[in-house]
Amino acid sequence: MERGSAPERSRLRRFSALQLLLCVESQTLTSVLAIVLAQHSFQDNASGMDYMEALSNFMNGASEAAVYERYAAASQAVESALCCPVEYAGDFLAAIPQEIIDKDYGCGDPTPYVRSGETVLDLGSGAGKLCYMLAQVVGQHGQVIGVDCNTEMLALARKHQSTVAERLGFSNVNFRYGLIQDLQLDLDLFGQQLKQQPIHSPGDWLASRSIVDRLRRQRPLVASDSVDCIVSNCVLNLVRLEDRRQLFGEMFRVLKRGGRAAISDIVSDESVPEHLQQDGRLWSGCLSGAFREDQFLEAFAEAGFHGMEIVKRQSEPWQTIEGIEFRSVTVVAFKGKQGPCLERNQALIYKGPFRKVEDDDGHTFPRGERMAVCDKTFNLLQQQPYRDSFEPVEPIEPISLDNAEQFDCKRSKQRDPRETKGQDYDVTIESQEACCGDDGSCC
Ligand SMILES: C[S@@+](CC[C@H](N)C(=O)[O-])C[C@H]1O[C@@H](n2cnc3c(N)ncnc32)[C@H](O)[C@@H]1O
């Protein structure tokens, strides 16, 4: 691995135990205590690399420490091994300083899934290229938030903020220091608190947990239900396996109802064996932490997302290791299927071309059949990404929400046309206008 010049390396070694502690802070008391103990061994040995080794040992090689070190170095000198060729849509690069463009470590382009005026969150924003592109997509009435846990990367991204703002004529990007699996904890604020109450012992750390709880509650890094679209470019695969459920839970928490995630990441076609996962270089290189492609989609479903779709998948692998193919995909997923199921006599007809489809709530829609749905499903399946696949059937006599009863969403059943029209409906309407064209065609 290229690690930059000697002065850069010594600077990296000097990054404080506190930064590492912040980067690896975890929900579980035992793992954080172990990190604090590793920090003590670092202080005793007064050597950054000893601390790195202690931490790497503790985290069994495939560690956040390896990720931290590699991206701190990659913020200083371009690391070509981390670059996966991407063609970006639109002409958004002209306003972005070359230093940022050079330190692009993404593997896809989620910008086409973001709209003007939206609030967007970029997970693992790195040098900030995607954020600065999205600043132009959302425009001055939108907002872009980049989150990264690497202070060197954050410094690089923040360095060019005023230049980009001048070129665009507005400033709508904000880079925040945090872990993407813990979007509640603002690590800049936590760092300020720790200056006043430093951690020297496990007891100090235990005391600091109440500070952390208060910060999470009162001044969250990203508030719940506040984001229209989450994007990420080649980052989720770097998150520890044990933190991934929490990562998807956090993505779900911060999205508004009806919001979406558009995530570009590296996936594998087979399960990655443990000996590759243990390799810190392969892990930090966005390879051995890759989700297996089917499990990537399943992780969204488990967190409560719906409508997951692979909108882009590299046909050729980016890299192949021991026969396992690693390639970039972009997946879009939506939030908003939760809520009460109310009966308003509505129906949906699946238009085809498949014989039948099943939605993320387990409702089956055979092609061409008029299926009974609750009000929530009726509205949901008329939005993206389903809109073009269904024909809605409203009842002639609408049932108001106040009068609507519970709908049994557990089973799929047909809606008799008499339910939507009414039992006594016996109207006869003949066509009023001749609709035959000059060419003799009739409807
Ligand atoms: C492969 S780079 C991608 C950077 C950027 N998205 C791009 O397209 O150039 C991964 C970035 O994610 C950050 N990162 C990795 N794990 C993280 C975590 N758990 N929380 C926050 N940031 C993380 C790294 O510091 C690094 O900046």
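Visitor: In which loop is C286 found?

Guide: This is a predicted model, in which local features need pLDDT of at least 70, side-chain atom pairs count only at pLDDT 80 or more, and totals for chains, interfaces and linings use all residues. Residues are numbered from 1 along each chain as its sequence is written. Helices (H or I, at least four residues) and strands (E, at least two) are DSSP runs numbered from the N terminus. On that basis, C286 is placed in the loop between helix 14 (280-284) and strand 6 (291-292).

Visitor: Is C286 buried or exposed?

Guide: A residue is buried if 20 or more other C-beta atoms lie within 10 Å of its own, exposed if 12 or fewer, and partly exposed in between, with C-beta atoms placed from the backbone. C286, which has a positive phi of about 65° although it is not a glycine, has 27 C-beta neighbours inside 10 Å and therefore counts as buried.

Visitor: Why does D225 count as exposed?

Guide: D225 sits in the loop between helix 11 (202-218) and strand 4 (227-233), and its phi is near 55°, a positive value in a residue other than glycine. D225 counts as exposed because its C-beta neighbours inside 10 Å number 11.

Visitor: Where does P385 lie, given the cis peptide bond from Q384 to P385?

Guide: The cis bond joining Q384 to P385 has omega near 10°. P385 itself is in the loop between helix 16 (375-380) and strand 15 (390-393).
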